[in-house]
Structures are given as C-alpha cells and as structure tokens.
Amino acid sequence: MVCLTFYGGINEIGGNKILLEDGDRRILLDFGFPYKRHKLFYEEYLKPRSGAGLLDPLTMGLLPPLEGIYRDDIEPPDLWQQFRSNPLYRRPDHIDGILLSHAHLDHSGHISFLRNDIPVYATSVTAFIAKAMQDSGKSDFDQQVSYFNPTTRECPTGWKQIAFITGNVPKQQRQFCIADTDLKNLSPNALQFWSWGFWGKTSKQKELTSCPMTGHSKCSFNLRCFPVDHSIPGACAWGIETSSGWVIYSGDLRLHGKRAGLTRKFIEDAASLHPRALILEGTNVLRETNVAEHEVYENGLKAIANSDRLVIADFSPRDVDRLLTFLEIATDTGRKLAILPKDAYLLKTMRLLEPEIPDIVQEDSLVIYQDTIASKYPSLWMRNICQEYDSKIVLADGVKLAQDQFILCFSFFDLNELPSICPKPGSLYVYSSSEPHDEEQEIDFRRLHNWLKHFELKGFGLPVESNGEWEIPGGEKGLHASGHACGLDLLEIAQEIEPEILIPVHSEHPNSYIEHLSNSNINVILPAVGGTIEI
Ligand SMILES: [Zn+2]
C-alpha cells in the first residue's frame, strides 16, 4: 500500500512537506519553509534560537516530529522523549531522497534540517540557484539548503547553559542529484561554481551526481522529472512510480509564462502515465484570469516611456524572466537597468547553464548598482562580482546626476539608498509583484507608501488600501504575471492529466477543486495537516 502524509502546504500557500511511502521505500516531496506558521509565532526580532537546534522548530510545529531524519549535530540530548507522545511522532527507518520542485524557500528552506546523507534530487538550474541564493544571501540557520555549518555543543567559559555553536567546523555541502542533465554536459566553469567556497581541509564538498533518469540509480523509485514554467527558472514536476501506480507531484506551475510550452509537455507526458494520483498546487484556484509576461512588458513600457525622471522597478529578481522583461524595457527606452550585485551573481550563475541568458559584460543596457555604504569586509562573492564587472559598477552619485538614464531594480528593502540618490519629485516607482498577503506585508506596504510620499515619488501598479482592501488603481493593472496558473488553467491541467485521485496542496481554497470536479471521473481528496491518504 502507498501512503502519502502531508506535513505542510495544507490550507496554506507554501511550506510543502509531503512523505510518500511504499513499503520500505520512502521519499519526501519538497521540504519547504512554512512562512505562514512561522509568522504566527515569530518576526524579525523573535526568531527560533539557532543555539537550541531542533528544539524550537519541533516544539512550535514548524518541523514534523520524525525521529531519525534530522541532522545529529543539532539534536539536543533526550530531545525525542519530549515528542514521543505527539500524535504525529514516528521513527521512519530511512529516507531515500528529497524530490525538490524548485528553489523558492517555501519549497526548499527546511532541507537545512535534514540529515546530510539524504540526497536532494533537482534540476541543474534549481541546484545552482539554491547555491547562488545561499552564497549571496544572509541565510539563517533554518534556510541553509545547499550547504551548512555543522555545530558542536559547547559550554562557553563561565556560562552555565550549553548551546550549539558554529565554530571552525568544516562546512558541509549537500548531495544534489541532477535530474535533467547529464553531468558531462556541464562546462568546467559550471563545475567550478559548484565547488566554489569549498576549499582544502576546511570544508567538505559533495560532488554533483546524476539522477536515475540519466543513468546510475541510488534511488529505489523509478522517477520522472518534468520541467515546468514558474516564476523561477529550473522548476519541475515529479513522477514517482509506486506499487499503486504513478504519483505525480506538480510543484508550482503556470500556463501563461514565457516557458508555458514546458508545462504543456508535462501535462501530455503525465497524462500518458495514467496516474493513480496527482498532487496539484492551487495557489490561484479562485483567480479567473492571468496577466501574461508580454502584457507586463507592454504596460511597463507605456509607463516608463512617459517618464523623464528616475524609474525604480520593484520585482523579484529571482524571477529571471521578469528581469529580462525590464531589461528589454530599459533597452527600448534608452535607459540602463541597474541590478544589485546579488542579482548579477544569479544571472552569472544562470548563464553557466543557459547560454541564452545575457552576458553582463556584453549587455550595454545592464549595469550593477553598488550600495553606498560598502562594508569594510565585503564577502568574497561580492568582491569577485565587483572586480569582474568593474566597468559596469554605478554608484548613487552616478544615478543622482543622470536620473532619467536608469531603471533601478530595487525592492522595499533597498529604499535606504534613496537619501544618497535624492530622486527628483515625480520619479516613478513601478510595482511589478504580488499584493500583500498578510498583516506584516500590509505594514510594509504602508511604510512603502510613506517613503513614496516623503520623496514625492509616483507609484505605478502599486496596491492602495481602501476600506481594508488592497487594490491596484484602475489603469495601472497588468504589471505582474503570477507564477501560478489561474483556476481555469488548473482545472484544465487536472482534467487533461485525468488522475484517479486529485490531492490539492499549496492552496487556501482547496474546496474549489471539489466544487468544479464533482461531475468528472476524478476523485478529489483533501488532506489534513499531518494526515495520511492511502492510495
Ligand atoms: Zn514557487
């Protein structure tokens, strides 16, 4: 019998953690960071204590109580006694691997807690983006997906408490198994990127390996990896052949992006397997229409072409398709797109795998904006980027003197640069991202409006609050193509794949599938948090 147990991604958008068991064989489908539950208890200045290791996330229900699947080095003594009476407590024998759908942290973040001998199966782009994000980010101890610093339990002199300390312990890289490319196809530069940061005796590197689809198999399941379109490159859906038939896991996907053809091919291939079950995301299941990426280009171009002042574009830079859309707008309006060093690092990384990604040196319309208050000891990746692209660096003064020449890729968290730039009144803030989803984001949105008011910037496409609802003003819509398919597209995906069982995840409105598929041959089953569905 095949059992699916859902530890995350139920009645919430993200945090997917699904355990698939078939006799002795076990595999995890994503192991994401549960933002919604995390925000119930924590905020910027109240975080799980890294020194307490597994204790805080297990106690607060951020991790499922599964003994034996987590890293030994962050396990406090007698930890499990505390959880053995928990109804979800189990001690699974072993886990064969994690199938990672894409590099968004709500799908990947909590891999940081898993044992290092559990391999991560992913596409090459996902593996590389996960590493680039970690190399260039301030990743907390609960978001170290690609590698981690093992801890030792120490009792610092004079202190009575014992905590987990990361000291001079070698960094450990996780074992990634690449599902979509033969490693022979990777360039020496790509392989060098993978080992970057792991030198000599001070760190332990794990070579990349190939996945079962491309040859040597360590995984006990027959797997299929289907590339799909989402708001981050490298996303995929998975097929797992079980003793009850094929189980398909969609990850996050859409049919209206630049790579929609990938999702179409996935639908066709998955349908031909006549799956027993489809685990399908439902983020936008209530939404009736989509905005396509070319509409973002057209609407953005119209707004920016009319401006003779500075333009700030706010979007997620990991959405490389969106970055390329704004690069096109910059070229077509005679401006330069100024990206941050971490975005340059991501582009450079992507280009190692996808040569069609523009070369920063060659691309006339692309420059790199370096923060005004530089750190005395910049990280090595940052130093490398700034040296390699020295001729492409612009500083606040350069932007200040030629405001109509730039589109700055800033988000809310980069607004601190504005006092150095002094944007002229009437400069444009183009918002190309999603509306606020929770109270914390609403507070940030109010702050963002205050910044705009203070500097007399004009918002465009920016949701405005009225009677407690956030709405984009009429005439300014169509500046954000969601990473997720709308309701009609999701139903089309379900109907064309036609599984016997459909299990909605990653959705606040899973009931919508029941309402719309009641007259079909598809049996919709809603999972409960920690609940098991036998198939
Ligand atoms: Zn995603």
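Predicted model: local features only at pLDDT ≥ 70, side-chain atom pairs only at ≥ 80, totals over all residues.
Visitor: Which residues of helix α5 are buried?
Guide: Buried means under 20% relative accessible area, exposed means over 50%, and partly exposed lies in between (1.4 Å probe, protein chains only). In α5 (residues 188-195), the buried residues are A190, F193 and W194. They sit on the same side of α5 because their arc around the axis, taken from the directions to the C-beta atoms, is only 100 degrees. P188 and Q192, on the other side of α5, are exposed.

Visitor: What covers the buried residues of α5?
Guide: Contact means heavy atoms within 4.5 Å. The cover includes α4, β9 (171-173), β10 (176-178) and α9 (341-353).

Visitor: Which residues have the most contacts inside the largest nonpolar core?
Guide: A nonpolar core is a set of buried Ala, Val, Leu, Ile, Met, Phe, Trp, Tyr and Cys residues joined through side-chain atoms within 4.5 Å. The largest one here has 79 residues, and Y70, L114, F176, L337 and I339 have the most contacts inside it. Helix α4 (residues 124-136) gives this core its largest share, 7 residues.

Visitor: How is the order of the open sheet of 7 strands read?
Guide: Strands of a sheet pair through backbone hydrogen bonds, either parallel or antiparallel. Two strands count as paired if DSSP finds at least two bridges between them. The order in this sheet is β20-β19-β18-β21-β17-β22-β23, with parallel pairing. Its edge strands, β20 (393-394) and β23 (458-460), each pair on one side only.

Visitor: What are the neighbours of β17 in that order?
Guide: β17 stands between β21 and β22. It is joined to β21 (residues 406-409) by 3 bridges, in parallel, and A313 has C409 as its bridge partner in β21. With β22 (residues 428-431), β17 pairs in the parallel sense over 4 bridges, and D314 stands opposite Y431.

Visitor: Are the residues on the two faces of β17 buried or exposed?
Guide: In a regular strand the side chains alternate between the two faces of the sheet. In β17 (residues 311-314), V311 and A313 on one side and I312 and D314 on the other are all buried.

Visitor: Which residues coordinate the zinc ion?
Guide: Donors are N, O and S atoms within 2.8 Å of the metal (3.2 Å for Na, K and Ca), and sites may look incomplete since water is not among the atoms. The zinc ion is coordinated by H102 (NE2), H104 (ND1), H230 (NE2) and D252 (OD), at 2.2 to 2.5 Å. H102 lies in the loop between β4 (98-99) and α3 (105-108) and H230 in the loop between β13 (222-227) and β14 (236-242), so the pair, 128 residues apart, links distant parts of the chain. H102 and H230 are both buried.

Methods
Residues numbered from 1 in each chain as written. Heavy atoms only, no water.
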